[in-house]
Amino acid sequence: MNPRAPSRGEMMRAAAVVAVVLAALVAVAWQFVEPAPPRTVVIATGSASGAYHSVARQYAEHFATAGLELIVRETAGSIDNYALLGTPGSGVDVAIVQGGTAPAEKERRKELVALASLYLEPLWVFYRDEVQLDRLGQLAGKRIAVGGQGSGVRALSLELLAAGGVVGGQSGTTLVDVGGDKAVAALREGSVDAALFVMGPTAPLISELMHTPGVRLMSFEQAHAYARRFRYLSPVTLHRGSLDLVRDLPEREVQLVAPAAVLVARKDVHPAVVALLTEAAVRTHRGGDLLSEPGRFPNDTLTELPVNEQARYYLTHGPDFLRRMLPFWLAALIHRFVVLLIPLFVVLVPLLRLTPPVYRWSIRSRIYRWYARLRVIDERLRGAPDAEQVRKDLLQLEQLEHEIGGLKVPLSYMDEFYSLRLHVGYIRGRLEERLTVPDAPRTEGALKHG
């Protein structure tokens, strides 16, 4: 007997089984698929007149091209930004902060990640004095504007002034908690002797102070020593004339120390948002500035927090293939389904490979069940059944033969199939003989099947 092709019914049953298994796998895998990226993201910056706010506005434009809204929130500064990131329900997802201002508590840090260092923003020390100063220690005993409460400049100023011996003990130094325009006004009026600022070299306040008579810019002759002690700082050189070529400002090379502006986020921020933020940072800052060569920033160094691995990959290798070729929303959708399809593929391939053995096992188990029915008839036959029982057994054999005739058997099991048919024929012959010769002697051990 040649194996026949599977019937439509068999194919439908197989398809139904596969569909049920796939549906179950999809239901399980879907629990692990990340949700779609949020339509709005909130970024904390600083004052509306500051550089962080301006940078975030550029990021918001990039988000708009991808169909998402980046809400820029004005804050008191870096310390305030970290507080918002660590406060459940604040709504803040990401922030631009100043290097060196990360919270000291491990519990607060473990929920945060860095996405990129964006650019260097030096610490500027402007002072009023006839004598040229080149060390922070020379400010001891003076009135110093160190930045407003909650600002990154205040946190950095206090740390560096303490390291330089300006505060503490019997120094007699007066710290004034003002920054920005108020600090500039206080320095002009003489109500403070020095003021510290952290901002980029092209900030209007820096230009204003460089052109203010009686106000000097300190050159950090210990810049490298400070950078060694405080790893989030970098020594930078402001070259002569780089701020104003016509007026030759500064009039000499100035050594400065600079933390980096860093993009930080909560650890649970959606991966698609991480990719879009990193992309916005690259497009905004890759051109370089007065303090860094093109391509140096953004990078994954000069951060106090662990760097998000997806952001690190983007900074090192650029956008993946899908993001280069497709719009943001489509690339994000495909990324979500890749997470779903990979486990399905891993499970489905072994499942499909198991299908033929399972099918063959089902054939063998059916043959064994037929043999079990055949054995029952054989045992009754050895017990000298009456004519009525023999006729019933012959009817059962006819039904058995009908079932066997409709079975598709793999070639590897044809020997067992034909053996079964031979045994059925043998038992049929004995039953027919019993009807013809009612007192025929019994044959012991007629059917044995291992």
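Where helix α2 meets helix α9, V55, Q58, Y59, H62 and F63 of α2 touch V273, L276, L277, E279, A280, A281, R283, T284 and H285 of α9, a contact being heavy atoms within 4.5 Å. Helices here are DSSP runs of H or I with at least four residues, strands are runs of E with at least two, and both are numbered from the N terminus. Sorted by class, this contact brings together eight nonpolar, four polar and two charged residues; Ala, Val, Leu, Ile, Met, Phe, Trp, Tyr, Cys and Pro count as nonpolar, Asp, Glu, Lys and Arg as charged, and the others, Gly among them, as polar.

A word on the model itself: it is predicted, with local features needing pLDDT of at least 70 and side-chain atom pairs counting only at pLDDT 80 or more, while totals for chains, interfaces and linings use all residues. Residues are numbered from 1 along each chain as its sequence is written, and side-chain values use heavy atoms, leaving out hydrogens and water.

Back to the helix pair. The axes of α2 (residues 51-65) and α9 come within 9 Å and cross at roughly 120 degrees, which makes α2 oblique to α9. Axes are lines fitted to C-alpha atoms, for helices over the stretch in contact, and angles run from 0 to 180 degrees between N-to-C directions; under 35 degrees counts as roughly parallel, over 145 as roughly antiparallel, 65 to 115 as roughly perpendicular and the rest as oblique.

Next comes the sheet. Five strands form an open sheet in the order β2-β1-β3-β12-β4, with mixed pairing; strands pair if DSSP finds at least two bridges between them. At the edges sit β2 (69-73) and β4 (112-120), each pairing on one side only. From one strand to the next, the twist averages 25 degrees. Helix α9 (residues 271-285) packs on this sheet and touches β1, β3, β4 and β12 (260-266), its direction making about 10 degrees with that of β4.

Strand β1 (residues 40-44) runs parallel to β3 (residues 94-98), joined by two bridges, and I43 stands opposite V94 in β3. Five bridges join β1 to β2, again in parallel, with V42 opposite I71 of β2. Buried means under 20% relative accessible area, with a 1.4 Å probe and protein chains only.

Overall, the protein chain has 14 helices and 12 strands, and 42% of its 450 residues are buried.

Terms used: Buried < 20%, exposed > 50% of the residue type's maximum accessible area, 1.4 Å probe, protein only.
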